[in-house]
Amino acid sequence: MTASPTPFAVTGSAVRAAEEPLLAAGQGAALMRCAAWGLAQHVLRVLRGRGPVAGATVAALVGTGNNGGDALWALALLRRRGVAAVAVPIARDEHGAPRWHAEGWAALRAAGGTAADVVPARADVVVDGMLGTGFRGEFAVPDAARGLPAGAAVVACDVPSGVDADTGEVRGGGVRAEVTVTFGALKTGLLLGDGADLAGDVRLVDIGLGPHLPSAPPERLRVMDGPTAARLHPAPAADGHKYTRGVVGVVAGSARYPGAAVLSTSGALEAGAGMAHHAGPATTRAAVVTAHPEALVSAEGPAPERTDAWVVGPGLDTEDDARERFIRVRDAVLANPRAALVVDASALTLVTAEDLAALRDAGARVVLTPHAGEWARLTERIPVPGADGAGHAPDELARLRAWSAAHGAAVLLKGPRTLVVAPDGEAWLMGEGGPELGVGGTGDVLSGVLGAVLAADAARRARAAEEEGATCGAGEVEHVPTLASLAAAAAWLHARAGADQARAGRMTAGTLPAAVGGTVARMWWGEARGTRAD
Ligand SMILES: NC(=O)C1=CN([C@@H]2O[C@H](COP(=O)(O)OP(=O)(O)OC[C@H]3O[C@@H](n4cnc5c(N)ncnc54)[C@H](O)[C@@H]3O)[C@@H](O)[C@H]2O)[C@H](O)CC1
Ligand SMILES: [K+]
């Protein structure tokens, strides 16, 4: 069985670059027909969802470039299916003639389509063909695109007009679409920022650009999904035991915030860690063993050489011994850099640029897990090189990549669209997750899930290295998962568990670890064994 490829997005600029050799080879018109055909198919799908196709009205707002050309050709195809097709130009020349794609208009006219100054009130679908990847500067929404018929569905051609296809930034005005039909490749601007809000459901039309698209990880934004997460966090080997499944050290919680220790440890155990060992004061140790008799607890934590991943940060008390606890973990990782390190919550205020440099020099695999506020504070203390400090930036992905590259640590930026970025530019977006995770404590659970996924990987690597040693390197070299992909897989499991438990009528972080357990069990052993009584 071949695994389906992981979905990915590239910038609009990369798509334009991919088109260049084809345009130079005279294939521009063929590409446009292909895009228009795909667009027309998706408009037909929307129409069929509303009633009969013949007799329906589709209007298109048509700009001056090829985006408008796609829309005109699509209207011509729709006209041939019995649709009333109306093109509305958004720019005219000094003689009042529409400025738009001449061949596209000729094709539409030949098919029996018409032009109008405004979108007819009876329109069932409005195609936004004003601007695509050629958008520069700011978009002033033309009058014709204001006050569209309330009952009409807006289908964006390639990109909602006003959205930067590279970054998702909306400059000036923007058009909100129900569906965006995009050509050649998913564009990052449709998955990030305001662009993702305006794009609605994104549908990809293959126009044969595949071999011309950039293939290096730093040029792609990959989208984590279930099959990919399952490959990255596989079921334990039949001959596995607690050490081969991975040992997670959880340095979390304090007398002030004891619950964080429980949530983080629960996340690690439910995500399949072979063993979770909590290090903390007496209060949190008692709380953890009460919730999880299987957990180990101590004041100092597991031995560095026996630990596959460390989680540090949730619920540490920065007015007490938080820095000392962080330093102990840092030094444990420096002593055994084979172990991964998850830096979360309070630890994000404790970690320094020097700590990160030392960890990077030691070759440690470090993931920091801020939410937006923590990310702003972190980048204020430890800046993004060449950037103007903290705060919202339109190209969040570029900032994350720059920071990660400069400091040698991966960043998992939590939010409605969680992103993971690694120092080499590899980037992942979560294809799961909704508002159900927006309650206190879910981040603590995620830190533990991350610990378990990274620990399992570290344990597998250690085992593979031992076996390779035993066979003098004759063993098969397997694909080694990257840090960013593993972190994204953990975030996917967490998000899926959140959605699963919301469906089951549960909403708190306290019940989330059990949902993680159910999600992982289903992934590993199928529906029957992944159903829990609780
Ligand atoms: N190139 C191809 O063969 C294919 C392209 N496809 C489609 O084409 C667009 C990109 O087309 P392009 O002509 O390069 O750009 P646009 O149509 O997006 O816009 C260019 C047009 O608009 C003007 N413009 C730019 N910015 C603004 C602004 N802020 N306000 C007003 N006007 C603006 C600019 O001067 C040009 O006149 C791509 O998205 C696809 O839809 C197909 O995919 C097939 C192959
Ligand atoms: K458009």
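Which residues of helix H13 (residues 372–381) are buried? Keep in mind that this is a predicted model.

**Stop 1: helix H13.** Select residues 372–381. The buried residues here are Glu-374, Trp-375, Leu-378 and Thr-379. Now look down the axis of H13. These buried residues fall within an arc of 125°, so they line one face of the helix. An α-helix has 3.6 residues a turn, so residues three or four places apart point the same way.

**Stop 2: the neighbours of H13.** Show what surrounds the buried residues of H13. They pack against two helices, H11 (347–350) and H14 (396–407). They also pack against two strands, E16 (365–368) and E17 (410–413).

**Stop 3: the H13–H14 pair.** The crossing of H13 past H14 is left-handed.

From H13, pick Trp-375, Leu-378 and Thr-379. They meet Glu-396, Arg-399, Leu-400 and Trp-403 of H14. Trp-375, Leu-378 and Thr-379 are also among the buried residues of H13.

**Stop 4: helix H16.** Move on to residues 483–503, a helix of 21 residues. From first C-alpha to last, H16 reaches 30 Å, close to the 30 Å expected at 1.5 Å a residue. How many of the 21 residues of H16 are buried? The count is 18, so H16 is largely enclosed by the rest of the structure.

**Last stop: Gly-505.** Gly-505 follows H16. Check its backbone: phi is positive, near 85°.

Note on methods:
Residues numbered from 1 in each chain as written. Chains lettered and ligands numbered in written order. Predicted model: local features only at pLDDT ≥ 70, side-chain atom pairs only at ≥ 80, totals over all residues. Heavy atoms only, no water. Helix = DSSP H or I, 4+ residues; strand = E, 2+ residues; numbered from the N terminus. Expected span 1.5 Å × (residues − 1). Buried < 20%, exposed > 50% of the residue type's maximum accessible area, 1.4 Å probe, protein only. Arc of directions from axis to C-beta. Contact = heavy atoms within 4.5 Å. Left-handed = near helix turned anticlockwise from the far one by under 90°.
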